[in-house]
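Here is a briefing on one protein chain. Look over the fold, then read the points below.

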Amino acid sequence: MNYFSETYEEAKQKFLHASTNTSGTTLTSLTLSTQNSYSNEPLTTELTYIGPPQPKTLFIHSSGVHGVEGFAGSAVQTRLLTEYDFEGDSDVGVLFVHVVNPYGMSYWRRWNENNVDLNRNCMDEEQWENHPETHPRYHDTVENINPPNEPMNWAASYIFNALKILYQNSFNMGQVKQIIAGGQYEYPNGIFYAGNSTEELPTKIFQYLSDNFSAVENVVVLDVHTGLGAFGYDTMLINRDFVQQYPQEFLSIMDDHLDASILGGEGIAYDAVGSFPDRFHSLFPNSQVFSATQEFGTYHSLQVLKCLIQENYYFNHTDQLYGNDERHWASEHVLRAFYPDSREWETTILERGFSMFHQFYTYAQSL
């Protein structure tokens, strides 16, 4: 079976088919109220739960927080539902959260229908009141990374102009990445916009979890992304604020795939407030929470950034992206930046996604 799909609708149907054909599953569908899909069907986040009504430990496996990145996570989840043997510890429940940002997956965007980056948007009330300011240097480069007018050509010069400004201030590449991608709160039409309150579908997901699993003792979270790192290689990312509270047994299951920056070296990660997996620490204040991101690499970060800037311009300043029989070239570029047309890449994602799920599930059973 080919677990990968070319559209959100195809991926959704494969996931639902696998869910309904797996014994002991409970399905819940959360619908986005404001938009339909590219083919005018409902946009939904699907929740498939396997396990006891009141588990001791809840293992959450999520995909599609960044929309277009969901093709990888969806394929992994569909394969797991089809092939994985969930018979085991009766104290562990598994919840698959399929495509947190269905609009982005359907329309081939990293952001959602409101141009919000959901992995900067999942803050609790205290964080919304006290979130960090937009980095001052983001303002210096805003017209380069969020051009107000269509360039005469889409050469990379506007990106290098932004980098030139930053490098003149003695920033290294890691700092540049932090400035641009760490999240911003002042430019609703700009890239990496965090929004001003938690968006609709994440809010519904968190409410579902509070209603059904507030009494769990342990929560284990594995969130699948694509775009950063070497082609096809999965880097494990965790919030540096939580490293000291995680036992070595948890860190060791990620082995040499744990990002070097977590341990003080130079890696691919940058700091961001409001990530989807980190939200579970405050959502479950009386539970032990262990959260991580499995990030599968695609292409060079500057190439990916260029695709994001192009698509974001056409989304916010023109009506050219949608309404045609063929997708706009800028949408196509974003799709392939995060979902390469490579069978080798797909095979690696399925193998490593399956393997890391198994290691996290085994760890959840040990708690």
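The largest nonpolar core of this predicted model has 110 residues. Such a core is a set of buried Ala, Val, Leu, Ile, Met, Phe, Trp, Tyr and Cys residues joined through side-chain atoms within 4.5 Å. Helix α14 (residues 343-366) gives the largest share of this core, nine residues. In soluble globular proteins, nonpolar side chains tend to be buried together.

**Basis of the values**
- The model is predicted, with local features needing pLDDT of at least 70 and side-chain atom pairs counting only at pLDDT 80 or more, while totals for chains, interfaces and linings use all residues.
- Residues are numbered from 1 along each chain as its sequence is written, and side-chain values use heavy atoms, with hydrogens and water left out.

**Core**
- L209, F250, M254, F280 and F360 have the most contacts inside the core.
- F280 touches I60, F206, L209, V221 and V289, leaving aside residues up to four places away in sequence. Contact means heavy atoms within 4.5 Å.

**Overall fold**
- The protein chain has 14 helices and seven strands. These are DSSP runs numbered from the N terminus: helices are H or I with at least four residues, strands E with at least two.
- Along the principal axes, the C-alpha atoms fill a box of roughly 60 × 50 × 40 Å.
- Of the contacts with a separation of 6 or more, 80% join residues 24 or more positions apart.

**Surface and charge**
- Of the 367 residues, 58% count as buried. Buried means under 20% relative accessible area, exposed over 50%, and partly exposed in between (1.4 Å probe, protein chains only).
- The chain exposes about 15100 Å², and carbon and sulfur atoms supply 46% of it. These areas come from the Shrake-Rupley method with a 1.4 Å probe.
- There are 18 positive and 46 negative side chains. Lys and Arg count as positive, Asp and Glu as negative; His and the chain ends are not counted.

**Two residues to check**
- R79 sits in helix α2 (residues 70-83). R79 is buried because its relative accessible area is 19%.
- R79 touches Y3, Y84, L350, E351 and F354, again leaving aside residues up to four places away in sequence.
- N2 lies in the segment before α1 (8-20) and is partly exposed at 43% relative accessibility.
- N2 and E346 are 344 residues apart along the chain, yet their C-alpha atoms are separated by 9.8 Å.

Technical notes
Charge placed at Lys NZ, Arg CZ, Asp CG, Glu CD.
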